[in-house]
Amino acid sequence: MAAQAKKRVLSGITATGRLHIGNYIGAISQWVDNQAVYENLLFVADLHALTIPQAVAGQDLRARVEEIFALYLACGIDPEQSTLFVQSDIVEHAELGWIMTCTTPVSWLERMTQFKTKGKIADVDTGVGAGLLCYPALQAADILLYDPDLVPVGEDQKQHVEITRDIAKRFNTLFGDTFKIPDVVIRQAGGRIMGLDDPTAKMSKSTAERAPGHAIGLLDPLDKARKSIMRAVTDSNSGVDFATELAPGVTNLLTIFECFTGTSRDQSAARFDGAGYGKLKSDVADAVIGRLTEIQQRYREITDDRDQLNKLLTQGAERARSIAGPKLAQAYRATGLRS
Ligand code: ADP
Ligand code: TRP
């Protein structure tokens, strides 16, 4: 019997800030866990970063992009098994992005939660760029260029994968069958890690920039990381009581512990039921810091070898281009732009 082709996975992270443990748990760790099983295409979304004004910082942005690329490797993405690249290195993303912008009804874009929230936060006096509205059309292009089967992301990105499916179906109906309809994959636990300072808000890069105790950055000094965990908001009880409803901050700490140690909820219940919050937090801190120590050590080694990093950036881009190029040509033919 012929060997079955590996399923193809595509995902990326926007280069708008420093990566945190939410990005690691929700996205990167899923990619690492499955990289031997699937064919992975993973990228840094730098064009998407331009939708947030403060991310436009000239050379800083490229430095941020390379930091994220190196962090993918440091977290365990193996460039032999996965194709890693930077979005703007593959011009096909912007080209198909335009076609997708023209395929997507404005009303679909206006309904997106991210547009509604980020549009409100952005400085309206200086004008929100149209890119913030068109963001999902570019994301659809990122995905559809590679015909992936699966898109593993955190929960907040679910809506963007759903609109991608709708855009692909619309394109296929208008211009003929061209794009595969991908499925979204979200971790059962850990798809939405909450802020340590406010367990009702998603841990996010932008909040982390203004609230020091909010997130744990993958490159944070280890003592700062420990302090933020020890100060995490719980509730006014003194310890963990599984017989009562756990406060959101306690559940969040348990989820982080379980994701970093590969423990089930039953196992952590056996370990923490009746324990004080001090013990819970200190165990969470040990688990997180153990992993951060490994990641940071690998990160230093990777960024010390610039030649190797540049080689991987070039190799990944070539491989991505070899898939994206023919797909874009197919879309050009379908729309009638080429015969
Ligand atoms: P942020 O919101 O911090 O800027 P992104 O939107 O760039 O992060 O997300 C990058 C990836 O990490 C996406 O797959 C996203 O769903 C996931 N992710 C982001 N924040 C979290 C979180 N708090 N918990 C789980 N996954 C997350
Ligand atoms: N919007 C995603 C984020 O904020 C990044 C992203 C861009 C993405 N294009 C994608 C994720 C395609 C998955 C697939 O992190």
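Which residues of helix α10 (residues 222-230) are buried? In this predicted model, they are Ala225, Ser228 and Ile229. Buried here means under 20% relative accessible area, with a 1.4 Å probe and protein chains only. Helices are DSSP runs (H or I, at least four residues), numbered from the N terminus. Seen down the axis of α10, the buried residues fall within an arc of 100°, so they line one face of the helix. The arc is taken over the directions from the helix axis to the C-beta atoms. An α-helix has 3.6 residues a turn, so residues three or four places apart point the same way. The buried residues of α10 pack against α11 and α13 (277-304).

The model is predicted: local features need pLDDT of at least 70, side-chain atom pairs count only at pLDDT 80 or more, and totals for chains, interfaces and linings use all residues. Residues are numbered from 1 along each chain as its sequence is written, and side-chain values use heavy atoms, without hydrogens and water.

Alanine 232 lies in the loop between α10 and α11. Its relative accessibility is 5%, so alanine 232 counts as buried. Beyond its neighbours within four places in sequence, alanine 232 is in contact (heavy atoms within 4.5 Å) with Leu196, Leu253 and Lys281. Glycine 213 is 19 residues from alanine 232 in sequence, and their C-alpha atoms are 7.7 Å apart.

Two helix pairs were then examined. Helix α11 (residues 248-261) packs on helix α12 (residues 265-272) at an angle of about 115°, and their axes are 10 Å apart. Axes are lines fitted to C-alpha atoms over the stretch in contact, and angles run from 0 to 180 degrees between N-to-C directions. That angle makes α11 roughly perpendicular to α12, a term covering 65 to 115 degrees. The crossing of α11 and α12 is right-handed, meaning that the near helix is turned clockwise from the far one by less than a right angle. From α11, Thr251, Leu254, Thr255, Phe257 and Glu258 meet Arg265, Ser268, Arg271 and Phe272 of α12. By class, this contact has three nonpolar, three polar and three charged residues. Nonpolar covers Ala, Val, Leu, Ile, Met, Phe, Trp, Tyr, Cys and Pro; charged covers Asp, Glu, Lys and Arg; the others, Gly among them, are polar.

Helix α4 (residues 92-103) and helix α8 (residues 158-175) pack at about 85°, with axes 10 Å apart. This makes α4 roughly perpendicular to α8. Ile99, Met100 and Thr103 in α4 meet Ile167, Arg170, Phe171 and Leu174 in α8. The contact has five nonpolar, one polar and one charged residues.

Definitions and conventions. Chains lettered and ligands numbered in written order. Parallel < 35°, antiparallel > 145°, perpendicular 65-115°, else oblique. Buried < 20%, exposed > 50% of the residue type's maximum accessible area, 1.4 Å probe, protein only.
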